[in-house]
Amino acid sequence: MYLAYIHLLYEWNRLEEAEFYFGQSLGRKDHQPLARIRIQLGIAASRIEQAKGNPKRASELLAQLKSEINSPDYAFFIVKIETEQAYLSLRQGSLQDALDWLERCGLAHTDEVSLNLMAEHLIVARVLAASERIEEALYLLERLYLLVCKGDCLRDHTKVLIVQSVTLWHSGQTEAALIPLGTALDLAKPDGYIRSFIDEGSVMAEMLNAYSNVQQDSNTSSGFYVKQLLRAMNDTPEVDQSPKEKLTGQEFKIFLLMMDRLMNKEIAERLNITVDTVKFHIKNIYKKLEVNNRKQALQLAKKL
């Protein structure tokens, strides 16, 4: 449950909260014997560091993770970690490291695709595209697309479409690239996905601007979603927002309970969360509302 929530917070670009719950999960002893969970937590932590602009730390976490594997499934987990290292190399501009991984990973664009190897297949496609082997990348991606269409995994479906669109864009097929991008936006919009798009970097900003330009009306829900993604990429804050628009759903619930004069322990009991989690959310509330303490927050609430 921690891992799933960390992934969701990351996707929503709520990196500080994702990092907080990663720390909470590491404090638990019951997951220590479960190598699969430990590996997935480590990979999630590396992605958080990369997203925060700490590529060196992201690399160190993956290297540390490799050294800590103690499992009969050692070979399986090494594949997962090295795949993530190849992806990190691409994001950091180290194409040669990614190509070296492609040479030794034993995967090819002609392999039979499966959901169990979705992460690996997608990185193969990315490396092929980055090395200008466009046709091979698109061949693999087309089969991945057919595979995800049969299943019910929104995140995989969205990611395949995004990689397709980026690959087409890099190959000069700009109009064709906007078709899978539009489908990805339609799929991801209801759940507010952010990182799947902005992790693609500056090329995604170009594509989103191009997509916005060809839309008839930028004031539709899709248009607002594209603007939200572009703001996230530029790291510019929202303006003229009410507290309800500034705060997450959980933060706003806590804000309302603060207005009712409930103490931290009472809020925790009411929402069935820990006191530490309440304190974490209150810290974010103060930051977003530009206040320093509970008294100022209540004064602002009264004024509004």
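**Group meeting talk: loops, a core and crossing helices**

Okay, let's start on the outside: Glu132 has a relative accessibility of 70%, so it counts as exposed, since anything over 50% does. Before I go on, keep in mind that this is a predicted model.

So where is Glu132? You'll find it in the loop between helix H7, residues 118-130, and helix H8, residues 134-150. Now look at its backbone: phi is positive, about 65°, and yet Glu132 is not a glycine. Here's the background for that: most residues other than glycine have a negative phi.

There's another one like this further along. Asn272 isn't a glycine either, and its phi is positive at about 60°. It sits in the loop between helix H16, residues 264-271, and H17. Is Asn272 buried or exposed? Its relative accessible area is 73%, so Asn272 is exposed.

The largest nonpolar core has 27 residues. Which residues have the most contacts inside it? They are Leu181, Leu185, Phe197, Met204 and Leu208. The elements giving two or more residues to this core are helix H9 (154-170), helix H10 (174-188), helix H11 (195-198), H12 and helix H13 (221-234). H12 gives the largest share, seven residues. And there's a second, separate core of 24 residues, with Met118, Leu122, Leu141 and Leu144 among them.

Let's zoom in on Phe197, which is in helix H11. With a relative accessible area of 0%, Phe197 is buried, because the cut-off for that is under 20%. What does it touch, once you skip residues up to four places away in sequence? The list is Thr158, Ile162, Leu181, Ala184, Leu185, Ala188, Met204, Tyr225 and Leu229. For a sense of scale, Ala35 is 162 residues from Phe197 along the chain, and their C-alpha atoms are 29 Å apart.

Met204 was on that list, so look at it from its own side. Leaving out neighbours within four places, Met204 is in contact with Ile162, Val166, Leu181, Phe197 and Met233.

Now for H12 itself, residues 202-214.

How do helices pack here? We describe a packed pair by the angle between the axes and the distance between them. H10 and H12 pack at about 90°, with axes 10 Å apart. That angle falls between 65 and 115 degrees, so the two are roughly perpendicular. H10 brings Ala177, Leu178, Leu181, Gly182 and Leu185, while H12 brings Met204, Met207, Leu208, Ala210, Tyr211 and Val214. By class, that contact has 10 nonpolar residues, one polar and no charged ones.

One last pair. Helix H15 (residues 249-259) and helix H17 (residues 275-289) have axes that come within 10 Å and cross at roughly 90°. So these two are roughly perpendicular as well. On the H15 side, the contact includes Ile254, Phe255 and Met258, and on the H17 side it includes His281, Ile282 and Lys288. The residues of this contact divide into eight nonpolar, three polar and two charged.

Okay, that's my tour. Thanks!

Note on methods:
Residues numbered from 1 in each chain as written. Predicted model: local features only at pLDDT ≥ 70, side-chain atom pairs only at ≥ 80, totals over all residues. Heavy atoms only, no water. Helix = DSSP H or I, 4+ residues; strand = E, 2+ residues; numbered from the N terminus. Expected span 1.5 Å × (residues − 1). Axes fitted to C-alpha atoms, helices over the stretch in contact; angles between N-to-C directions. Parallel < 35°, antiparallel > 145°, perpendicular 65-115°, else oblique. Contact = heavy atoms within 4.5 Å. Nonpolar A, V, L, I, M, F, W, Y, C, P; charged D, E, K, R; others polar. Core = buried A, V, L, I, M, F, W, Y, C linked by side-chain atoms within 4.5 Å. Buried < 20%, exposed > 50% of the residue type's maximum accessible area, 1.4 Å probe, protein only.
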